[in-house]
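Please look over the chain shown here before reading the notes that follow, which are grouped by topic.

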Amino acid sequence: MIGRLSLRARLLAIVVALLVAGLVAMSSIVVGQLRRQLLGRVDAQLVPISLVISAIPPGHVDTIQRELAGSPLGFLRSDLAEQGIERLDLMLKGLGQLDLTETGYAVYLSADGAVTRKLGQARGPGPARLNAAVATARAGEPFTVAGADGAEWRVVVRPYAAAGGGGSSTVVMAASLDETNATVGRVRLACLVGGSMLLAVLALAGGFATRAGLAPLRRVEETAAAIAGGDLTRRVPEPAAPNTELGRLARSLNTMLAQIEQGVAAKVDSEARMRRFVADVSHELRTPLFGIKGFSELYRMGGTEAGPALARIEAESGRLARLVEDLLLLAGLDEADGPALDLTPMDLRTLAADARHDFAALDPSRPIAFTGPDGGAAASAPVLGDEARLRQVVSNLVGNAVTHTPPGTPVRIGVGTEADTEAGAHGVEAVLVISDEGPGLAAEEVERVFDRFYRADGSRARATGGAGLGLAIVRSIVSAHGGRVEVRSAPGEGAAFHVRLPALCGR
């Protein structure tokens, strides 16, 4: 049943249950202690009286009994004082101080349990239950017994030597506990009423405190509901005390929500890039296929000679083959275990020299500077790499510079080694730089220049180059060698591509 309650109701129920248990325990302790205190006071008054009664000579009992009508217990002082009984005066001073009871009596019992004398109205416990055996067992200690009407009595039983050697007799002194029980009952009722009122006030205050304390959890619930509804930007308000359980929970949830939002955003971006990729691949494949199909149909209909038609078909087929090879290369580079590279010791100066010859062959009018990475003298840059793949990297960078800069634009080829800032003071990188003084790239173009099928001009014109896979292949091949490629560019300031590989001497 309690499992169906809300957290606030369960917490309040637990608090109320603990309060009830605490109040019951406290009331029981208070009432029990009060009863022990009151019984102690009764015993402190009853025991001296029992000593006096057991010391009264039998001849004085009738005299005492005649005085009983005036005061049940105070009659003894004047009567015994007149009889000149010694050593009892100090005991008799307390006989009138029995303030916790209004009813008391004394009974003298013979050895066989018969009542021989009595003082007061003996309506308490029966004489048969208070014989010489009880007196011997109790040894004058007070104890509580029930009377004939069910009322409780505090009793002291003492042995009494009968006159004339009549054997062992017993004197019983008893005091009613009606007043004591009534006082304890009133205190118990006061504890019950006061405890109930206190419980109601504390339960009400606990309800408000629980509601206020669980307010952050309600905000967590509302935030979770909003996120489930699609609002991934919502966050849990963090409380003022960040080191509390709720503070740590809110901080953890916000971190988790940020990661979920990033994951969803990455998934959406990945799906968008996949759609763009499929669209770009479809477009790039469709263009040569349509060219092949178009010239085939044109030749079949007699609209062109075989030579030109076959030349165009061959060109489009080669273009299609190169595109498929580039896609297969990227797919292999994307594999978890990476492509199978034929790693051998080599020097990037060889690739830099080939790049210089490529620039000269493609555009003889270009001024070419051959320097170090930072503009100084060129230096050796030994690496452990796959020469064929790295030549493809340099070829793509040279083709990119030739395609996207006007003829005659100066270029610089830099090669050498530099300290690896990411690897620490002892790391060395082999660096190859291909830079130009062309129109440069905007900041958003720099961020996407290595994306597949991305072209900075945003067009599909053949004059701007291939399918937009060249720089993507460059980055994938360099990453497979454990290096990285960077581009530094700004509008009107040209572009510089830095290929950084772990230097062989630094391994």
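This is a predicted model: local features need pLDDT of at least 70, side-chain atom pairs count only at pLDDT 80 or more; totals for chains, interfaces and linings use all residues.

In soluble globular proteins, nonpolar side chains tend to be buried together.

- The protein chain has 13 helices and 12 strands, and buried residues make up 35% of its 507 residues.
- Of the contacts in the protein chain with a separation of 6 or more, 65% are between residues 24 or more positions apart.
- When its neighbours within four places in sequence are left aside, L432 is in contact with L348, A352, V394, I413, G414, V415, F497, H498 and V499.

**The aromatic pair**

- One aromatic pair is found in a search of the whole structure; the ring centres of F450 and F497 are 6.2 Å apart and the planes lie at 90 degrees, so the pair is edge-to-face.
- This pair links distant parts of the chain, with F450 in the loop between α12 (443–448) and α13 (470–480) and F497 in strand β12 (residues 495–502), 47 residues apart.
- Both F450 and F497 are buried, and F497 is also among the residues in contact with L432.

**Packing of α11 and α13**

- The helices α11 and α13 pack at an angle of about 150 degrees, with their axes 9 Å apart, and α11 passes α13 in a left-handed crossing.
- On the α11 side the contact is made by R389, Q392, V393, N396, L397 and N400, and on the α13 side by G470, L471, I473, V474, I477 and V478.

**L362 in α10**

- L362 lies in helix α10 and counts as exposed because its relative accessibility is 54%, the cut-off for exposed being over 50%.
- Leaving aside neighbours within four places in sequence, L362 is in contact with V398 and V402; the C-alpha atoms of L362 and V398 are separated by 9.4 Å, although these residues are 36 residues apart along the chain.

**Helix α8**

- Helix α8 (residues 245–300) has 56 residues and reaches 80 Å from its first C-alpha to its last, which is close to the 82 Å expected at 1.5 Å a residue.
- α8 is followed by G302, which has a positive phi near 85 degrees.

How values were computed. Residues are numbered from 1 along each chain as its sequence is written. Side-chain values use heavy atoms; hydrogens and water are left out. Helices (H or I, at least four residues) and strands (E, at least two) are DSSP runs, numbered from the N terminus. The expected span of a helix is 1.5 Å times one less than its number of residues. Rings of Phe, Tyr and Trp (its six-membered ring) pair if their centres lie within 6.5 Å; planes under 30 degrees apart count as stacked, over 60 as edge-to-face and the rest as tilted. Buried means under 20% relative accessible area, exposed over 50%, partly exposed in between (1.4 Å probe, protein chains only). Contact means heavy atoms within 4.5 Å. Axes are lines fitted to C-alpha atoms, for helices over the stretch in contact, and angles run from 0 to 180 degrees between N-to-C directions. A crossing is left-handed if the near helix is turned anticlockwise from the far one by less than a right angle, and right-handed if clockwise.
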